[in-house]
Amino acid sequence: IRRPDGIPIVTAAGIENRDPEVFNHFIWDTTEWVAERWGTEIVATPGAHVPYLTHPKELAEQLRALLH
């Protein structure tokens, strides 16, 4: 989906936050709430809260694919 000015919208959250039992699950819940309102799907990134620190290569590959 794109904003009216043509900029694409991507909602993303760390896959490790998807589990309702983890401390940072609220991040997944918040992303899910935003995605529902914008009519987008959640892109599950590797890791949890800071994938650019914990999984930089995997995140870069995923972002590269999303942006092309």
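Biologist: How do you know that the span of helix α1 (residues 25-38) agrees with its 14 residues?

Modeller: In this predicted model, the end C-alpha atoms of α1 are 20 Å apart. At 1.5 Å a residue the helix should span 20 Å, so the two values agree.

Biologist: What puts the buried residues of α1 on the same side?

Modeller: The buried residues in α1 are His-25, Ile-27, Trp-28, Thr-31 and Ala-35. They cover an arc of only 150° around the axis, and therefore lie on the same side of α1. In general, an α-helix has 3.6 residues a turn, so residues three or four places apart point the same way.

Biologist: Which strands do these buried residues pack against?

Modeller: The buried residues of α1 pack against β1 (11-14) and β2 (42-45).

Biologist: Why is Thr-30 called partly exposed?

Modeller: Thr-30 is found in helix α1. Its relative accessible area is 45%. Buried needs a value under 20% and exposed one over 50%, with partly exposed in between; Thr-30, at 45%, is therefore partly exposed.

Biologist: Why is Glu-36 counted as exposed?

Modeller: Glu-36 has 58% relative accessibility. The cut-off for exposed is over 50%, so Glu-36 counts as exposed.

Biologist: What makes the pair Glu-36 and Arg-37 a salt bridge?

Modeller: The closest N and O atoms of Glu-36 and Arg-37 are 3.5 Å apart. The cut-off is within 4 Å, so the pair qualifies as a salt bridge. The structure holds one salt bridge.

Biologist: What follows α1?

Modeller: Gly-39 follows α1, and its phi is positive, near 70°. Thr-40 is found in the loop between α1 and β2.

Biologist: Why is Thr-40 called buried?

Modeller: The relative accessible area of Thr-40 is 13%. Buried means under 20%, so Thr-40 is buried.

Biologist: What makes the link between Thr-40 and Thr-11 a polar contact?

Modeller: The side chains of Thr-40 and Thr-11 are joined at 3.0 Å. The distance cut-off is within 3.5 Å, so this value meets it.

Biologist: How do you know that β1 and β2 pair?

Modeller: Four bridges join β1 to β2. Pairing takes at least two bridges, so the two strands pair. They run parallel, and Thr-11 stands opposite Ile-42 in β2.

Biologist: Which residues of β2 are on its covered face, and which on its uncovered one?

Modeller: Val-43 and Thr-45 make up the covered face of β2, while Ile-42 and Ala-44 make up the uncovered one. In a regular strand the side chains alternate between the two faces of the sheet.

Definitions and conventions: Residues numbered from 1 in each chain as written. Predicted model: local features only at pLDDT ≥ 70, side-chain atom pairs only at ≥ 80, totals over all residues. Heavy atoms only, no water. Salt bridge = Lys/Arg side-chain N within 4 Å of Asp/Glu carboxyl O. Buried < 20%, exposed > 50% of the residue type's maximum accessible area, 1.4 Å probe, protein only. Expected span 1.5 Å × (residues − 1). Arc of directions from axis to C-beta. Contact = heavy atoms within 4.5 Å. Polar contact = N/O pair within 3.5 Å; in protein donor to acceptor, adjacent residues only side chain to side chain.
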